[in-house]
Amino acid sequence: MLSVSTSVSRWARGARRPTRLRDLAFPRATVSRLDILRRRPLLAELALLVALTGAATAAFARGLRANAVYDEGVYLASVDALAHGQKLGSEIFASQPPGFYVLLEAERLVFGGSLVAMRVGMLVLALVGCVSAYAIGRCLAGRLGGFLAIALLVAPLPLEDEAVRVRADLPSVALSLVAIALALFAARRTGAVGRAAAILAGSSLAAAVSVKLLAATAVVPVLAILLRQGRRRIPEATAGAAAVVVALVVSYAGVLGPLWSDAVRFHLKVQSAQIQGAPSDLAGNLGKITSVLTDSHGVLSPFPWLVLVGALGTLAAWRRRVLLEAAPLWLWAVASGAFLVWHRPLWAHDVVMLTAALAVASGVGLAYLLADGRLAPRALAVGCVLVVAASIAHHIQRAPVGEDPGVRWAVSVLDARTPTGSEVASDLPIIPFLANRRQPGALIDTSRTRVESGWLTRRAIIDEVERDRLSAVVLGHNLVADKNVVRAVQARFPFDTRRGDVMIAGEKPTTVRLYFPRRPSA
C-alpha cells in the first residue's frame, strides 16, 4: 500500500512539473523545426534592425564628401596641431570641453587624419546613436518602439546633414542616447549586470558633457529613469561619471585654468555679446529653433507633425498605464528646448540635441498609437510611418555637394607656393588643412563669436601674423573686414593672389586672398 501511494505521489509531482520541449518524445527533426519557429521573430527583428541601420548609413554617408563647413576646418586643424606637438589650452584655443578633442584624437588614430576619414569616425558614432535609440524605443514600447525611434532619428534633414560633420553635436547626442539606454537597462536589472550598466550610464553621460556642454540636458532623462525605476543605481551612475571627470582632470592637470577659461568662461561671456548672424533675444532664438526643426518649410515640414502625433500617442498611453515610461524622453526635449532658448549665440547646429530628443520620444509615442486597439489611432500612426519612410527615401536620393572649386584652387596655390608642413595663418582653416600645412594654434579659431566678443584681440592676431615661422596668410572670412589686420598682413606678405565667389558651406560667397613674401618659398 505504501508503495502504491508513493508511486502515485511521484506521478502527481511529475504531472505538476511544466512540460519542456526537450522532455517530449518528438523526432529530432521536429524539435529543430520548432526551435527555428521560436527563433523566427528574433531573426526577423534583427534583419529589420540591420535594414534600418543600413538605411541610416546610406542617408548619413551622403555627407562624407560634402563641402566642409567653417567649424570643421577649425576642429580638423586643431587635431592636426595636437598631432604635431601643440598643446590644448596653452597653445590651441579649445572652444569645446577637452573630451571632444580626446574623441578627435582617437578618431585620427583609428581612421586617419583626412577630412573623409574623420567623417567616417563621426558616421560610426552616429550609427551608435541610432542603435542606442533603438534600444531605448524597444525598452519602452517593444520592437515597434525601437524601429520607429531609429527611423525618426534618421528622418529629419537637419540632423542627417549634421551626422558626419566633424563637430561636437552628433557625438554628444550619440553618447547621451547611450547613457539613456544604459540607464533603462540598469533600472531593469539586478546584481552585477545592473551595477555595471549604471556605471557605464554615468560614464557615457559624463563623456557626452565633456564633448559638448549642451549634453548636460541629458542628465534630466537619466536621473528621471533612475529615480523612478532604479534609485538604488544612482551611486553607481555617479561613480561612473566621477571616473570620467577624474580621468580628464588628471590628463589635463597642467592646463585646467586655460581650458576652463576657453570652454566655460568664454561661452558665459558671449552670452551678453552681440554676434553677427545670431539671434539677439529670446524671440529670435525661438524663431531660429522653429526654422531648424521645420527645415525652413514651416507647416509644410513633416517633422513637427510627426512630433505632434507622437506626443498625442504618448498622452493616449495613460489608458494602458505606460504614460510615465516615456516621460523622461519628453523631459529631455523640454530641458533641451529651454536651454536653447536661453543660449547665445544660437547656431543651427546647436538644435541637433533637441531634434534628437523629439525624434526618439515621438518614435515611442507612435509605437503606442500602433498598439492602440482603436482603428483611427492606428490608421494615423500607419500614415506617419509611411511619411517617415518617404522622407528617408527622399533624403537618400539627394546628390551631395562636393568641395567648392574655389577652395580647391586655393589649396593648389598654397601647395605650390609654400613648403610642405610649413605654417600658414588663415581665417579659413580648412584651406591650409587640405594643403597639409600647419597652423598657429592661437589663430586656428577666428570665428565671429571669438572675434566679435573680444576674446581674440586684434593685437593677438597681428602678433601671430608677424611671427617669423609663417610662410603665407590666407584671408577670406572674418579678418578681411579688419583693415589693421589686413595692413599688417600686407606689410609682411606683400604679394597676393585672389579669387572671388568662393563658397564655404553655410556661408555667403567670399573672395579668398592668399598672401606670400615677394619671393615665395619653393
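How many cavities of 30 Å³ or more does the structure hold? The structure holds three of them. A cavity is a set of points on a 1 Å grid over the protein atoms alone where a 1.4 Å probe fits but cannot get out.

1. Basis of the note. This is a predicted model, in which local features need pLDDT of at least 70 and side-chain atom pairs count only at pLDDT 80 or more, while totals for chains, interfaces and linings use all residues. Residues are numbered from 1 along each chain as its sequence is written, and side-chain values use heavy atoms, with hydrogens and water left out.

2. The sheet. Four strands make an open sheet, in the order β1-β2-β4-β3, with mixed pairing. The edges are β1 (423-426) and β3 (495-502), each of which pairs on one side only. From one strand to the next the twist averages 20 degrees. Strands are DSSP runs of E with at least two residues, helices are DSSP runs of H or I with at least four, and both are numbered from the N terminus. Two strands pair if DSSP finds at least two bridges between them. Strands of a sheet pair through backbone hydrogen bonds, either parallel or antiparallel.

3. Strand β1. β1 and β2 (residues 470-475) run parallel and are joined by four bridges. V424 has A472 as its bridge partner in β2, and A425 has V473. Both faces of β1 are covered: E423 and A425 are buried on one side, and V424 and S426 are buried on the other. Buried means under 20% relative accessible area, exposed means over 50%, and partly exposed lies in between (1.4 Å probe, protein chains only).

4. A helix on the sheet. Helix α17 (residues 405-417) lies across β1, β2, β3 and β4 (510-516), and runs at about 165 degrees to β3. Axes here are lines fitted to C-alpha atoms, for helices over the stretch in contact (heavy atoms within 4.5 Å). The angles run from 0 to 180 degrees between N-to-C directions.

5. The largest cavity. This cavity holds about 50 Å³ of space. Its volume is the space filled by probe spheres set on the grid points, which are joined across faces, edges and corners. Lining residues have an atom within 4 Å of a point; for this cavity they include A425, S426, D427, V473, V474 and L475. β1, α20 (458-465) and β2 each supply at least two residues of the lining, and β2 gives the most, with three. By class, the lining has nine nonpolar residues, two polar and one charged. Ala, Val, Leu, Ile, Met, Phe, Trp, Tyr, Cys and Pro count as nonpolar, Asp, Glu, Lys and Arg as charged, and the others, Gly among them, as polar.

6. The second largest cavity. Its volume is about 50 Å³. Among its lining residues are F60, A126, G129, C130 and L153. Helices α5 (115-154) and α7 (169-187) each supply at least two residues of this lining. Nine of the lining residues are nonpolar, one is polar and none is charged.

7. The second largest pocket. A pocket is an open set of points with protein on both sides within 12 Å along at least five of seven lines. The second largest pocket has about 380 Å³ of space. It is lined by 15 residues, and those closest to its centre are P97, P98, S210, L248 and W260. α8 (191-211), α10 (234-251) and α11 (256-270) each supply at least two residues of the lining. The largest share, five residues, comes from α11. The lining has 14 nonpolar residues, one polar and no charged ones.

8. A cis peptide bond. The bond from R344 to P345 is cis, with omega near -10 degrees. P345 lies in the loop between α14 (323-342) and α15 (352-370).

9. Positive phi values. Which residue in the loop between α18 (430-434) and α19 (448-452) deserves a look? N436 has its place there, and its phi is near 60 degrees, a positive value in a residue other than glycine. N436 counts as partly exposed because its relative accessibility is 39%. D501, in strand β3, has phi near 55 degrees, also positive in a residue other than glycine. D501 has 65% relative accessibility, so it counts as exposed.
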